Amino acid sequence: MMDWLQTVFVVMIVADFALLASSRIAGCINILALQGVMLSVLPLLNHASVSNIFFASLIFSIKALVFPFLLRRALKMVNAKREVEPLVGYSASILIGLAALIFSFWLSGRMGSFSPGMAILGVSASVFTMFTGLFVIVSRVKAITQVVGYVVFENGIYLLGSSLMLEQNMLVELGVILDLLVFVLLSGIVVFHINREFDHIDTDSMDGDGPGREVPLR
Amino acid sequence: MIFAIVLIPMLAGAASYFVKGDRSRNTILVSTAFLHLVLSVGSLFFASAPALGGMLRFDEAGHLFLCTMSLLFLCASIYAASYIRFEGAAHRAPDDDGFIFADSPKNLFTACLLFFCGAMSLVCAAQHLGVLWIGIEATTFASAPLVYYHHSRRSLQAVWKYVMICSVGIGFSLIGNLLVMVAFSDAAKGSLFISDLLGSAASANADILMAAFVFFLVGYGTKTGLAPMHSWLPAAHGESPAFVSSLLSGALLNCAFLGIFRVHGICWSAGIGSFSGGLMIFMGLLSALVAAFFMIAQRDYKRMLAYSSVEHMGMAVLGAGLGGPAIVATMLHMINHSLTKGMLFLVSGNVLSASGTRRIGEVKGLFKLSPASGVLWFAGILAICGTPPSGLFVSEFLILREVFSRGMYLSGALILIPLLLIFGAMSRAVMEMFFGEPSRGGSGWRESASTILPPLLLLLVSIFLGLHLPAPLLAFLGKIGGGFKL
Amino acid sequence: MADTNTIAVDVFPLLCGLVLAPFIIGVVNRTKAFFAGRNGQPLLQLYFDIFKLLRKGAVFSRSTTWVFRLAPAVSLASTVSALAIFSLSPEGAALSFPGDIVLAVYMLALARFATVLSALDTGSSFEGMGASREVMLAPFAEAAFFILILAAAVASRSMSAATMFAAAIPLPVRILMFVSLFIVLLVENCRVPADDPNTHLELTMIHEVMVLDNSGPDLGMIFYAASLKLWLFASLAVCCIMPAGLTGGIIGEMALRVAGIICVCILVGVVESVMARFRFDKVRRMLVFASVLSSLALLIAVGVSA
């Protein structure tokens, strides 16, 4: 059982790296779905009770089915160019990710001395997943990739919650899901509007040189 | 009672989504706001039972913020009612970009406004860190459509920044919640009730609690607008309609501040108050300095007010970080800032309608253009800079006295310099705007009772608090400070 | 003092490799043919090719020197010695001493070095281009491979190849090592996402273009060395996934391993059939990714054994 739990954590880390290396938005969304599947397995691996099965299927349907579906639809709707367009190159992103991974292993090793019984690999995987999400938000230009980054960030928080070995706290877990659902819906609307107004979804060039516009107040 | 205060605005919001006609929606809006104020103030005098198994209960700090928010919401909704009517009368609010834009559907807008009020009431009443978190999160989602009321490119950019940055901040505070559960896993059995946490703070794991506090400070600090996480704030405050900016600045920032304040209280009783307080003092000084430097170069008066909010939040966080007697001054500061800044943003809507521009340099002769608004603007700017007899003078003076009496001369200097710079920047701007001849023709806008009386009321309350502090209020504030004995 | 029986057990995997290596190239080719809907060449085709080439005479360009003539032999010899270290039996290997993994890695590097030198020695611009591409990818591939070996060494607390893969390594580390090794295998053996063994358009090739001038027995040796290298990587990949000692005897162990190697080769064939060749910079990114996987395995190994 421990082996499978660790395998889930490793798959999460590898998926993060794949996200950093991926050059297609559709590929990023698939990776997101993979992470959703992994997270939905987690409650079952801890102990398979009825409430956990319910919770796992909830996570599965939201994170592995609904979000990827919504994001794919948004991608199709805005009809954007399918490339990710990073501000930091792919290989550099991977190497930065590697440094962050080493840091998160170090950090969770430190934390392990405070609270015995937590899964060190799980905490490092979650810290690294959070880092990956934040890095994607700041280093990728398009609005839709920023949404992907945010969802990955939240996945990291969820993973942290499960690997700290707390007793089931439905409030926080449901909070994450609610938060994500609302966020994806809201940002889907905003992405749509950005596309309609600007004919592209680059958040970087929004305050740039649109037609009939002067430089904003400075 | 508590249920009513939280749910009535939300239900009214749901109802107004389905109601047709501006007039009936405005009636719902204003009457709900009035009812909310009556209930909030009324519950001061009648002890109300805790709700949801103790998750919702009014303590002194929450109640204080609730009443302030409610008063501001009433003023803003009266203003909003006339604003929406004015917008409806085939008139487009001036847009700097000079291109046509469409507004949000008004039923959605009113619904979000009321829902926003309900979410903020939830934050004020929350006695459970999880519920507090959900409430603060709900405020983001309720207010995002408000910021995007004018569908222009810049407001779109502002709302994207707002949602993105604040959501990441909310995520950080969720990590803080998780860490608090770890720190209290033995002491409070993972409970997140604030009373449990305060009671068992002495036996919590201090190291993990420190880490949790850092996450809370960054997370809720983002929403509070502390530098360097403040970058969403000028954009969102600048681009949204006047009364929305007024609510964001006067009520929403308070709610986020309340989040930091609650966790600070837990840290204080866990004996690591010097750590959390030190971090807050640092963030407060940094915010004030950053805000001052951005304000000197600022050419947009709404953004200037937004940066002033950053500075005042920095001041409040600094005061709360000091603890002891400074807590009373901090609470006073929060009330006064809400009243004054809320009032100023409302007036800024008048100025924008009268002059048609948000650039400071292009507004000339405000006094001739629109006398009442001009005078209010002048008085409000003086008040927000802490000129006596404004209430902000009293509170800033009390905080500074506490700083100097602790022998923190460097911090004192670091807070005085930005105050001076900000006074210079703001008074220069108001001079430019107030005097001179109007350069453009009138925009056809006339000031009316509903756009003048709400800000006037807020200003008068603030000045009253500057001239005289009622004894019951002082006793009330003293109870809040009781948890922060040095 | 090892008795004859132990020596036979230790040498048996090496002998299997030396005999069966050309066969697995046939497996890859048949898999590709199956996907293309052809019958494909016989499974033993490479044996026939090598025998044919050995019977022929060699032609040497007048512009080449002794380096060019020596290189195929050096390349074959060093590959065989690396194989001797990495041919694992349950108790040991044909050649085993503490630190032998470093020697094995350097032997593989020496084989590459010899090939690159001979390519440069011809003076042909095409071959120089191939050599340049080869050495551009080599550092990334070697980094990934070396970190992977290090991870296995840390996880099993052993510096010898013979005992390194035998110890109980945690499952996630095994999987990571397998995936990383598979990527390195594809690149090192000039398989499709990195290189195309079938094209004869010099502009697209890496390995093939370096041996354009070789002929006769030299070319036979090069073919044979290439098949040995594929055998080496495939058998290591199998060792990552399949813990040693599943069956009792050496015969059963080797049968299982050969079955595993054939599976890996089929996998290679499938990858070649369904994927197109990557753009050159993407190959490098793939190798960086493999290094990251190896590093992750190393980190976990350090975390587990600490």
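Start with a definition. A nonpolar core is a set of buried Ala, Val, Leu, Ile, Met, Phe, Trp, Tyr and Cys residues joined through C-beta atoms within 7 Å. Buried means that 20 or more other C-beta atoms lie within 10 Å of the residue's own; 12 or fewer is exposed, in between is partly exposed, and the C-beta atoms are placed from the backbone.

Two housekeeping points. This is a predicted model, where local features need pLDDT of at least 70, side-chain atom pairs count only at pLDDT 80 or more, and totals for chains, interfaces and linings use all residues. Residues are numbered from 1 along each chain as its sequence is written, with chains lettered from A and ligands numbered from 1 in the order in which they are written.

So, the core. The largest nonpolar core has 348 residues. Which of them touch the most other members? They are C:Ala151, C:Leu181, C:Ala234, C:Ala237, C:Leu287 and C:Ala297. The most residues, 20, come from helix H6 (residues 153-183) of chain B. Helices here are DSSP runs of H or I, at least four residues; strands are E, at least two; both are numbered from the N terminus.

Look at C:Ala151. Contact means C-beta atoms, placed from the backbone, within 7 Å. Setting aside residues up to four places away in sequence, C:Ala151 touches C:Val173, C:Met177, C:Ser294, C:Ala297, C:Leu298 and C:Ala301.

Next, where chain C meets chain A. Chain C gives 16 residues and chain A gives 17. On the chain C side, helix H7 (171-188) and helix H11 (280-305) each give two or more residues. H11(C) has the largest share, 11 residues. By class, that side has 12 nonpolar, 2 polar and 2 charged residues. For the classes, Ala, Val, Leu, Ile, Met, Phe, Trp, Tyr, Cys and Pro are nonpolar, Asp, Glu, Lys and Arg are charged, and the others, Gly among them, are polar.

Chain A itself has 7 helices and 0 strands. Of its 218 residues, 45% are buried. Among its contacts with a separation of 6 or more, 71% are between residues 24 or more positions apart.

Over to chain B. Helix H5 (residues 129-147) has 19 residues, and 19 of 19 are buried. The expected span is 1.5 Å times one less than the number of residues. That gives 27 Å, and the end C-alpha atoms are 27 Å apart, so the two agree.

B:Trp377 sits in helix H15 (residues 371-384). Buried or exposed? B:Trp377 is buried, because it has 25 C-beta neighbours inside 10 Å. Beyond four places in sequence, B:Trp377 contacts B:Val347, B:Val351, B:Leu366 and B:Val430.

Last, backbone geometry. Most residues other than glycine have a negative phi, and most peptide bonds are trans. Now the exceptions in this model. B:Ala227 to B:Pro228 is cis, with omega about 0 degrees. B:Pro228 is in the loop between helix H8 (206-224) and helix H9 (232-239) of chain B. B:Pro388 to B:Pro389 is also cis, omega near 10 degrees. B:Pro389 is in the loop between H15 and helix H16 (391-405) of chain B.

Then positive phi. C:Arg157 is near 50 degrees. C:Arg157 counts as exposed because it has 11 other C-beta atoms within 10 Å. C:Cys190 has phi about 55 degrees. C:Cys190 is buried, with 20 C-beta neighbours inside 10 Å.

That's the tour.

Terms used: Two residues are in contact if their C-beta atoms, placed from the backbone, lie within 7 Å.
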